[in-house]
Amino acid sequence: MAKKKLKSGFQLDGIAPNILLKHVENTAPFLFKGELDTSGKERSYLEKLRFYKKNLKQLSNINLTEYFHICLAAHWSTAGTFVPTDVDNQIREGLWRHKDIKKHIEKMARLTIESWSWDYSQVTNRKSYNRVNDQVMSTHEGTWLSVAIGAFCALTKYKEEKLAKEVAEVILAEIEKEEKLMLQLREDRDHINFLRAAPLMAHNFGDLDRVMVQWEMNIDDPFCKKIFKLGHELNDSYDPILVYTGKVNKAFSSKENHRHMSMRQPKCLRKSSDFLIPVGPFMDQWGETLGKSQKLTLEEKAEIACAFFDGYKRQDQAFGYCRAHGAMIRELENGLDDLTPFMAFDLVHELKNSKFSEIAMRPLEEFEAEYIKALDEFQCPVTGIKF
């Protein structure tokens, strides 16, 4: 990629910030239409994107820290959407290796620590809560961990030991938060929310592992040993619940929570944050929201139904799309018949006579009871834990 020098003198190695804003608008247009609350410090990253969208000329005056901030804001705003912005490697590694990093590393590290507490609740539907303290966990924590470990590695490289220690402490605090959440859900006997949370934790620690490898961290380093492969290998620093959760995810959820490529086709889903996809397979409430929504036409709902069926055919052992479809059409006056005028005849015939429709029509209590029973019977092959 050709390098460009901005008016400020900053040499840009990655995506131009104005193009990045277009990518954000493509996947999350609701951000720029006043739908979200962007007030307050913890949501100021959302307002930053809105500001620059209205003041594009100001982008020529940014420096490395501000570009990093924009990339963080863009990714936080879109990580829960159907097409997240492609700046992962920039915020995890690329910008930490920029030729001007020594001048900006402290501010970027401070910004990384601050971003741990950004409020992303409006821009994702993939989240879980600890009922004791209302702490939230989503896949956003995986993004944060991957940025934070990049910051730690860069700080260590440039002998910024004090600040590296501060970043490490927040990384450990995040791991502890996720550990406590999983323990609490198990203590509460909350099977369904445990199954919702398991893929979130697995995703987050997976992101952390990948970037540790990317930075070629020394696996014999004490800090590295304390945080590596937490969802895979037992670690004396943490409860075995982390490995148990990783195995539960593999057994129950890994086929459900992928990149949702089929759902990128119906762009009507990008109209509102109300339509952001949840954790599979428990997608009934999402489907109900889609079915009730006045923001979607029947033709658009038919397009969504086609995408659900296409996604199921790509992965027929994942049932989230089936559940969302069933809940959506139950909210329509005449069910699927309201959508068939906008769907190909052969497709409608195939859909109606498929396993997809059978799973879609099962009562919610019956569907969830099957998962509850299976989780009760599952025993972790590594820890021996049962729910």
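This report covers the cavities, cysteines and salt bridges of one predicted model.

Local features need pLDDT of at least 70, side-chain atom pairs count only at pLDDT 80 or more, and totals for chains, interfaces and linings use all residues. Residues are numbered from 1 along each chain as its sequence is written, and side-chain values use heavy atoms, with hydrogens and water left out.

**Cavities**

Rolling a probe the size of a water molecule over the atoms shows where empty space is left. A cavity is a set of points, on a 1 Å grid over the protein atoms alone, where a 1.4 Å probe fits but cannot get out; its lining residues have an atom within 4 Å of a point. Grid points are joined across faces, edges and corners, and a volume is the space filled by probe spheres set on the points.

The structure has three cavities of 30 Å³ or more. Helices H12 (298-314) and H13 (320-330) each supply at least two lining residues. Helices here are DSSP runs (H or I, at least four residues), numbered from the N terminus. The lining holds four nonpolar, five polar and one charged residues. Nonpolar covers Ala, Val, Leu, Ile, Met, Phe, Trp, Tyr, Cys and Pro; charged covers Asp, Glu, Lys and Arg; the others, Gly among them, are polar.

The second largest cavity has a volume of about 40 Å³. Among its lining residues are Trp76, Trp116, Trp118 and Trp144. Helix H6 (residues 140-157) gives the most to this lining, with three residues.

**Cysteines**

There are zero disulfides in the whole structure. A disulfide is a pair of cysteine sulfur atoms within 2.5 Å. For Cys153, the closest cysteine sulfur is in Cys224, 8.4 Å away and so too far for a bond. Cys153 is buried at 11% relative accessible area. Cys224 is buried too, at 2%. Buried means under 20% relative accessible area, exposed over 50%, partly exposed in between (1.4 Å probe, protein chains only).

**Salt bridges**

The model holds 28 salt bridges, each a side-chain nitrogen of Lys or Arg within 4 Å of a carboxyl oxygen of Asp or Glu.

| Pair | Closest N to O |
|---|---|
| Asp100 and Lys99 | 3.3 Å |
| Glu377 and Lys373 | 2.7 Å |

Asp100 is buried, at 15%, whereas Lys99 is exposed, at 57%. Glu366 is partly exposed, at 42%. Glu377 and Lys373 are four residues apart in helix H16 (residues 364-377), so about one helical turn separates them. Elsewhere, salt bridges that share partners join Asp88, Arg92, Asp207 and Arg210 into one network.

Key. 1 Å grid on protein atoms, 1.4 Å probe; cavity = no way out; pocket = protein on both sides within 12 Å on 5 of 7 lines; lining within 4 Å.
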